[in-house]
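Dear colleague,

I am handing over the structure we talked about, and it is shown just below. My notes on what was found in it follow.

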Amino acid sequence: MDQISSQAAAQAAATPGTVATPAAGLEPAAPAAAVSGDGQAEVLLDARNLKKYFPIYGGILRRVVGQVYAVDDVSLQIYRGETFGLVGESGCGKTTFGRTVIRLEKATAGSVSLDGQDVLALNDRDLRRMRRRMQIIFQDPYGSLNPRMPVSDIIGEGLLAQADAENQWGKRSVRDKRVGDYLEAVGLRREYSRRYPHEFSGGQRQRIGIARALALDPEFVVCDEPVSALDVSIQSQILNVLSELRREFHLTLLFIAHNLSVVQYFCQRVGVMYLGTLVEVASVEQLYATPRHPYTVALLSAIPLPDPRIRKKRLVLKGDVPSPANPPSGCRFHTRCWLYEKLGRPENCVTVEPALRDVGGGQQAACHYAEYVNPSAVQEATAAQDAVATAAAD
Ligand SMILES: Nc1ncnc2c1ncn2[C@@H]1O[C@H](COP(=O)(O)OP(=O)(O)OP(=O)(O)O)[C@@H](O)[C@H]1O
Ligand code: SF4
Ligand SMILES: [Mg+2]
């Protein structure tokens, strides 16, 4: 792992400002998930019925008066070597899920295993060891680096915490060499290790964040919107760095994103979250060609097309996202669902929570009527919305 290729560095040093959208400058090539001897993809991360509720305090005595159901019964398997995209509107629980599976948040209920090891049951000593294997790249490159530390300490801190007789990271010289190697791997100069965060641009800081995570040689990395705080021109450079490094270090990534076009190019499978639950899981090809959950259809219809001359019909979701402290009964999406309206408001949408189920070819959707989601249904729904909008305008 100490052998860092110059490819990643060259990629990272690409001239800024040449790419209009992140997806446009991004390599579509992606590593295949590892396959076990019996032909099955190997599960690396296995989350079962995971829940994370945050208490809401109120009154003078600051008593618990409610809960935010940030992640509410999510089961998800991520295969070794794949990049799994997690998308959904702001506040749907993506970050909380990512932080809970690597135990940066304490789970309320459920189980998580990494390579068969029960992550939630680890004691402090074993958790510290496990931290090496699961890392996170944060969304905010400004807030996530300690402004009072030089880069050598920012990256070296984790190495020191994981030092043992074998890796020798306790020795300053060994640590400094590794810090330099990883700075080069992300396209920065070794000498930058003496500088402080304020001396770097946003894109460079995010490279430092990536170097910090990867220097520990992890298998599984949560990338929490790693480019959304950056200028569009820098986004594709950072994504290309990540793309190179995941190949080189055989990483498995949970890639949290808002931008669905980035996910399309960067990930192999995608999970769509809505109000704390997973509503669809599919391969990228399935999700973008044949989405089976009405919410996914609406999200996809909102992606802007790169050519402004081509106009696309948008399926506008009505109303605001309900509060995660008080989610709607039955299917949480029913208050905004176009298919529910189109089908004449079936009662079970309001009374029975739909389970995530196989809808063919390994694609899963949590909708009682996923089989009714087809291109003609979507067209009819958009036409109906257009008619309502036109009538309102008249
Ligand atoms: N520490 C916390 N205490 C209380 N509530 C929290 C906490 N962290 C998150 N939440 C709430 O949990 C819900 C899910 O938040 P989360 O940050 O996971 O969403 P997200 O999908 O990552 O959103 P975004 O796209 O804006 O980053 C939100 O309602 C949020 O306000
Ligand atoms: S279960 Fe009903 S409300 Fe929920 S997504 Fe399906 S059609 Fe819409
Ligand atoms: Mg988030």
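**The shell around ligand 1**

Of the elements in this predicted model, α2 contributes the most to the shell around ligand 1, namely three residues. The residues that surround ligand 1 are Phe54, Val68, Ala70, Gly88, Ser90, Gly91, Cys92, Gly93, Lys94, Thr95, Thr96 and Pro324. Two elements, β2 (63–79) and α2 (94–101), each supply two or more residues to this shell. Sorted by class, the shell around ligand 1 holds five nonpolar residues, six polar residues and one charged residue.

**The nonpolar core**

The largest nonpolar core has 98 residues, and those that touch the most other members are Tyr182, Ala211, Val221, Cys223, Leu254, Phe255 and Val279. Strand β2, which also gives residues to the ligand shell, provides the largest share of this core, with seven residues. If neighbours within four places in sequence are set aside, Tyr182 has contacts with Ile155, Ala211, Leu214 and Ala215. In soluble globular proteins, nonpolar side chains tend to be buried together.

**The sheet**

There is also an open sheet of four strands, which are arranged in the order β2-β1-β4-β5 with antiparallel pairing. The edges are formed by β2 and β5 (117–118), each of which pairs on one side only. Strand β4, covering residues 109–114, runs antiparallel to β5 and is joined to β5 by two bridges, and Ser113 lies opposite Asp118 of β5.

With best regards

How values were computed
Residues numbered from 1 in each chain as written. Chains lettered and ligands numbered in written order. Predicted model: local features only at pLDDT ≥ 70, side-chain atom pairs only at ≥ 80, totals over all residues. Near = placed C-beta within 6 Å. Nonpolar A, V, L, I, M, F, W, Y, C, P; charged D, E, K, R; others polar. Core = buried A, V, L, I, M, F, W, Y, C linked by C-beta atoms within 7 Å. Buried ≥ 20, exposed ≤ 12 C-beta atoms within 10 Å, placed from the backbone. Contact = placed C-beta atoms within 7 Å. Pairing = 2+ DSSP bridges.
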